[in-house]
Amino acid sequence: MAIVLQPIIPTYRLFCSLLFQISVIALIVIFFVKNSQPTIQKLRLTKKDFYLIALTIGLSAVLLIGFVASYLEQEQVIKVYDFSNYWIKVIEGRKLISVSIPDYLTHLRASLGTEYNDFLAFPLVFFSQFLGVSFTGFVSATLLAYYLPTCFLLTIYSLSLVQKINPLKRDWKSVSGLYLIVLLIPVFLAPVLLGYVDIGGLLFVLLLLMLLDDWNLAAYTQKDFLMIAFTMLLLLIARRWYAIYLTGLVLALLLTTAKQIKKTQLINTLKKIIITFIVIIILVLIINPQLIEMFIGKNYADLYSAYKTSGVVKNISEIILALGMLWFIPFFWSFPIFLVNKPTRYVTIGLVTTLVLSVGIFRYIQEIGFHHRYLVVPTIVIFIVSLIAYCSDWVRAKAGTSVSGLFYSFVLLLSVFNFLGSYSQSFEYFTTSVRPFFSQNYQYPVKEPDYQNYQEINQDLKKIVGADHSNVYPIGEGQIFSSEKLKRIGLPKEVDAAPYLLNGKIVDTRDGFPSQLFYCEYIIMAVPFSTDFTSIQQISYQPYELLLKDPLMKEYFSLYKTYRLNGSKLHLYKKKKPITRALVDHLSKKLQVAYPDQPFVYQPNYLLSLLDVPARQTNFDYDGTKTWLYKSPDEQLTFSIHDTKSFNHLKLKISADQNNLRLVVRNQDRVIAQYGLKKAENVYPIDLAQSDQVSITIENVGGVPSEGSLLTLDTTGNNLME
């Protein structure tokens, strides 16, 4: 899809929105320029050099965006999960910031304590005003906001290492040549083309490396400490997994400092560290206190255990193949050169130690995914680029400037071949004989084989559930069937093309018991069972087995329709009668056999499992923690909880946006509880003695309101029904 420049409507609100975005972008640019300036000054560039470098970057931006537009024009892929997360954030953020800047800032701040926050999305929202919200526009915005600046800063930092050994005057040709070499490294660009924005974190990594300079804590002023710590905080906010890189970096920094610090400097350095730590904690509490819980309150090794599908050796070998021996051999060649030279010794030790530690820690927690290669590749590229500059200086000293220019041209030509061979299948045939030396990061344009089938299935499901707005629960997520593709097939026009489809539980230790499965009127799953994990996830597989073979499960669900997808079958099951505790416990026991020591996996949320909300009367949504219920102004809202006879107590956590509402709870005989609802969330206890089932009614008090009411039912926890 080609980029379509979006017309800017000259309204006052939109003008204010653009002015605000431009102001923030300007502050970000000033922050990076000011803190990278000492490193840039070491290169001794003239004004003319800067103008010509800027021209090179501008021309490369035009050519690269043209390549991206041509490349993505050949694709027809439904972007899902990590490939679409930030694309969706840009689409939604663009709408919100144009309507209300305060609301967008509130949304941005609230998101900072979540896995996928809006921090890196903000600059992309700005560029989307001009490039549009197509996937091509989104990737182009990522190139302008993050990829090109990262390539430039990486070039500058790499040259600064060489300056420590050969403090020569650099010119625009050497900087531009190295910049283009970095720009054309396929493994560097590949995640951006897929829709990842994680490269934005590398801007903070490179700025941090510039601030560290000689890797000696004793040499930093209090101001330096605060700026380094602030940059670390921004990196943590950018993407959660960069915390692992920072862990390795801090340990490496302590190692290099221990080799350089004097005893007389120790006390003063500790004081600076303590002051900095206090300031940063206060800043975190102001920004969003949930950041603390996100980084130290979760066991990510358990949460992501299912993603450990291969060993560290395979992960590293894949990265080597993606780089190609053409680049990986120079990395090993450069290491002893910069280690032997005293001015770069501690920088080399720090970078390599950070690399080794961060990879080791990361692999303990989860798989090194495609975008996680930014944990490894930048350090390797820094040494490669530094070696190219170092060799160019040697050639220049021995044979003159002209020969040095030819050397740069030759390396740049190899980079072009390397790049084209990775993204153009027709060009690959020219490099077959030397393929091991070139990148094997083959990323040719692809077309979704079942694109049309997904569209037809989605339209049919909308018709089936449309009459009563029922919900569908997806079982499993694999190569045969992806429920996320049904949801994202309408992007960018529709963020969620399948609102009837709930988010299925996928990973055992991360997601837990699939209580929503029993809430839904329909269940959809691929036959045979498919998964992207090497170990079968029981919260998907056990329901699959029950639906196909179990007599008890068949009493409640029957096969309603079968689709064809990817050469396999897609079964749609429909609920025949209300769910009882016996069925919920039946699945619970099977999961307990697989995870006897993890109640999170096998303990049901009975309230959610036995809940029955007539979709005709309400809009229902579920995000894993809350259930939102909408009551129209002139109608009662009634929902039920089935098979309550084996429970003694029920706790309803409800908040409403109005005060003129009453909660009435009835069993089969009479009213057993009655409360006036309040705006703040309150817990309403209900005695379930002698109640086979209960119905809950939300009704008006004191006349009909002018607007409908939005209520939030908190369904978190396994102790709501006991």
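Biologist: In which hand, left-handed or right-handed, does α5 pass α6 in their crossing?
Modeller: α5 passes α6 in a right-handed crossing. Please keep in mind throughout that this is a predicted model.

Biologist: What is the angle at which the axes of α5 and α6 cross?
Modeller: The axes of helix α5, residues 121-131, and helix α6, residues 135-165, cross at roughly 125 degrees and come within 9 Å. The two helices are therefore oblique to each other.

Biologist: And which residues of α5 and α6 meet there?
Modeller: From α5 the residues are Pro123, Leu124, Phe127 and Leu131, and among those they meet in α6 are Gly137, Phe138, Ala141, Leu144 and Tyr146.

Biologist: What about α11 and α17, at what angle do they pack?
Modeller: Helix α11, residues 242-260, and helix α17, residues 342-365, pack at an angle of about 145 degrees, with their axes 7 Å apart. The crossing of α11 and α17 is right-handed.

Biologist: Where do Phe31 and Phe230 lie?
Modeller: Phe31 lies in helix α1, residues 12-41, and Phe230 in helix α10, residues 222-238, so the pair ties together parts that are 199 residues apart in sequence. Phe31 counts as buried because its relative accessibility is 17%, under the 20% cut-off, whereas Phe230 is partly exposed, with a relative accessible area of 28%.

Biologist: And what can you say about the pair of Phe338 and Phe383?
Modeller: That aromatic pair is tilted, with 6.2 Å from centre to centre and 55 degrees between the planes. The pair links distant parts of the chain, since Phe338 is in helix α16, residues 325-340, and Phe383 is in helix α18, residues 377-399, 45 residues apart. Both Phe338 and Phe383 are buried.

Biologist: Which residues do ring pairs link into a cluster with Phe338 and Phe383?
Modeller: The cluster linked by ring pairs consists of Phe328, Phe331, Phe332, Phe338, Phe383 and Tyr390.

Biologist: What sits over the ring of Tyr556?
Modeller: The charged end of Lys577 sits over that ring of Tyr556, 4.8 Å from its centre.

Biologist: On to the backbone, which peptide bonds are cis?
Modeller: One of them is the bond from Leu491 to Pro492, with omega near 0 degrees, and Pro492 has its place in the loop between α22 and α23. A cis peptide bond also joins Val527 and Pro528, with omega about 10 degrees, and Pro528 lies in the loop between β2 and α25. As background, most peptide bonds are trans, and most residues other than glycine have a negative phi.

Biologist: Which residues have a positive phi although they are not glycine?
Modeller: Among them is Tyr81, with a phi of about 50 degrees, which lies in the loop between α2 and α3 and is partly exposed, with a relative accessible area of 33%. Asp213 is another, at about 55 degrees, and Asp213 is found in the loop between α9 and α10, partly exposed with a relative accessible area of 26%.

Biologist: Is Ser483 buried or exposed, and what is Ser483 in contact with?
Modeller: Ser483, found in helix α22, residues 483-488, counts as buried because its relative accessibility is 7%. Leaving aside neighbours within four places in sequence, Ser483 is in contact with Tyr81, Pro474, Glu477 and Leu501, and Tyr81 is the residue with the positive phi discussed above.

Biologist: Last one, what does Asp612 touch?
Modeller: Not counting residues up to four places away in sequence, Asp612 touches Phe639, Ser640 and His642. Asp612 and His642 are 30 residues apart in sequence and 7.4 Å apart in space, C-alpha to C-alpha. Asp612 lies in strand β5, residues 611-612, and is partly exposed, with a relative accessible area of 27%.

Notes: Residues are numbered from 1 along each chain as its sequence is written. This is a predicted model: local features need pLDDT of at least 70, side-chain atom pairs count only at pLDDT 80 or more; totals for chains, interfaces and linings use all residues. Side-chain values use heavy atoms; hydrogens and water are left out. Helices (H or I, at least four residues) and strands (E, at least two) are DSSP runs, numbered from the N terminus. Buried means under 20% relative accessible area, exposed over 50%, partly exposed in between (1.4 Å probe, protein chains only). Contact means heavy atoms within 4.5 Å. Rings of Phe, Tyr and Trp (its six-membered ring) pair if their centres lie within 6.5 Å; planes under 30 degrees apart count as stacked, over 60 as edge-to-face and the rest as tilted. A charge sits over a ring if NZ of Lys or CZ of Arg is within 6 Å of the ring centre and within 35 degrees of the ring normal. Axes are lines fitted to C-alpha atoms, for helices over the stretch in contact, and angles run from 0 to 180 degrees between N-to-C directions. Angles under 35 degrees count as roughly parallel, over 145 as roughly antiparallel, 65 to 115 as roughly perpendicular and the rest as oblique. A crossing is left-handed if the near helix is turned anticlockwise from the far one by less than a right angle, and right-handed if clockwise.
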